[in-house]
Amino acid sequence: MKNVNIAILGLGNIGTGVYKALAMNGAHIASTTGLDITVAKIFEKDTDRDRGIDVAPSLFTQDEGDIFGDPAIDIVVELIGGVDFATSLMFKAVAAGKHVVTANKAALAANFEQLTGTAEGAGVMLRYEASVGGGIPIIGPLTTSLLANRYEELMGILNGTTNYILTKMTQEGRPYGEVLQEAQAKGFAEADPSGDVEGEDLANKLSILMSLVFGKRVLPSDIPTTGITGITMDDIRDAEKADCVIKLVASAFRQGDGAECFIQPVLLNKGHPLASVNDEYNALYIKGNAVDDLMFYGKGAGPLPTASAVLGDVIEIGRAIG
Ligand code: HSE
């Protein structure tokens with residue numbers, strides 16, 4: 001059995017999900033992978049909140065030195081969110097020789113080359129499967145088994161909160177505000193849900209995909225983006241009359257040597273493969289010139305599905321390190 005010590009930065013929705021998933025499946029992971037994954041430290045100032053998990057108080061720290069200065073910690077799992085502070089912590093982790101796992105699409109989209117390049121230069125692994133599509137393995141295949149392809153186009157429903165809202169408005173006729181609150185309560189939304197409904201979260205994810213799929217660096221703020229705040233029940237009913245549904249879709253396609261991308265609510269005929277992607281489910285359609293059409297589908301938001309991707313990255317690193 002190989003011991004792998006992780007430090008979790010941020011015990012919010014996703015951090016709590018990772019802790020729960022490890023409590024639920026740690027023994028199973030050990031038996032299937034030979035890795036005994038231990039949460040050695042949790043960097044978090046809110047130590048009193050009832051999260052429905054049993055955390056020894058000694059695990060909590062607010063001292064970065066307890067994480068980056070501890071040679072026993074192998075992997076830093078960054079789940080704080082936001083850009084600047086989270087990015088600085090990831091750089092510190094890399095400088096300390098720690099491998100990094102993150103779900104932070106905002107930080108990655110803002111500093112993609114800097115983070116990936118610095119980690120590579122330092123000889124440590126940076127993994128970010130949970131940053132796009134929650135529990136769906138997307139980054140892994142794109143960076144390994146699909147590398148033989150040149151891509152032509154992609155279309156994705158990659159924000160669980162907005163997909164949940166649009167689904168409930170469509171199927172249950174419930175008002176936007178009520179359903180948004182429900183999505184927040186279920187742990188799908190960002191700390192500031194305006195990032196979800198205005199499309200910023202999706203722009204972060206599309207920015208990451210543009211780098212991986214088309215090798216093109218596009219800042220999220222440069223992606224033409226329309227969110228769902230302007231969608232009314234009348235729009236939903238009109239779509240229904242036309243045998244369509246409204247979905248918030250990220251699109252990108254190759255153009256010459258480059259690629260173009262945009263985000264907007266789209267009317268999809270009910271027969272379209274993406275039209276039946278409902279609730280917090282996400283899907284990514286992508287077309288490669290060798291593999292042809294591919295669809296990835298699964299839960300794109302929520303603590304446990306996201307924890308599945310985070311822990312998958314931890315396991316990958318755990319297996320790779322001596
Ligand atoms: N707020 C995000 C969403 C979380 O709703 O998709 C997962 O990235």
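1. A polar contact here is a pair of N or O atoms within 3.5 Å; within protein, one atom must be able to donate a hydrogen and the other to accept it, and residues adjacent in sequence count only if both atoms are side-chain atoms. The model is predicted: local features need pLDDT of at least 70, side-chain atom pairs count only at pLDDT 80 or more, and totals for chains, interfaces and linings use all residues. Residues are numbered from 1 along each chain as its sequence is written, and side-chain values use heavy atoms, with hydrogens and water left out.

2. Glu44 makes two such contacts through its side chain: with the backbone nitrogen of Leu11 at 2.7 Å and with the backbone nitrogen of Asp46 at 2.9 Å. Glu44 belongs to the loop between strand 2 (35-43) and strand 3 (60-61); helices (H or I, at least four residues) and strands (E, at least two) are DSSP runs, numbered from the N terminus. With a relative accessible area of 14%, Glu44 is buried (buried is under 20%, exposed over 50%, partly exposed in between; 1.4 Å probe, protein chains only).

3. The residues around the ligand (a heavy atom within 4 Å) include Lys105, Thr161, Phe188, Glu190, Asp201 and Lys205. By class, the shell divides into 3 nonpolar, 4 polar and 5 charged residues (Ala, Val, Leu, Ile, Met, Phe, Trp, Tyr, Cys and Pro count as nonpolar, Asp, Glu, Lys and Arg as charged, and the others, Gly among them, as polar).

4. On the polar side, a ligand oxygen is 2.7 Å from a polar backbone atom of Gly160, and a polar side-chain atom of Asn159 lies 3.5 Å from an oxygen atom of the ligand. A ligand nitrogen is 2.7 Å from an N or O atom in the side chain of Asp196. Taken alone the ligand exposes 260 Å², and the protein buries 93% of that (Shrake-Rupley method, 1.4 Å probe). The elements giving two or more residues to the shell are helix 7 (160-172) and helix 10 (200-214).

5. Two backbone angles deserve a check. Most residues other than glycine have a negative phi. Asp243, not a glycine, has a positive phi of about 60°; Asp243 sits in the loop between helix 11 (233-241) and strand 8 (244-255) and is partly exposed at 42% relative accessibility. Asp292, also a residue other than glycine, has a positive phi near 70°. Asp292 lies in strand 11 (residues 292-299) and counts as partly exposed at 39% relative accessibility.
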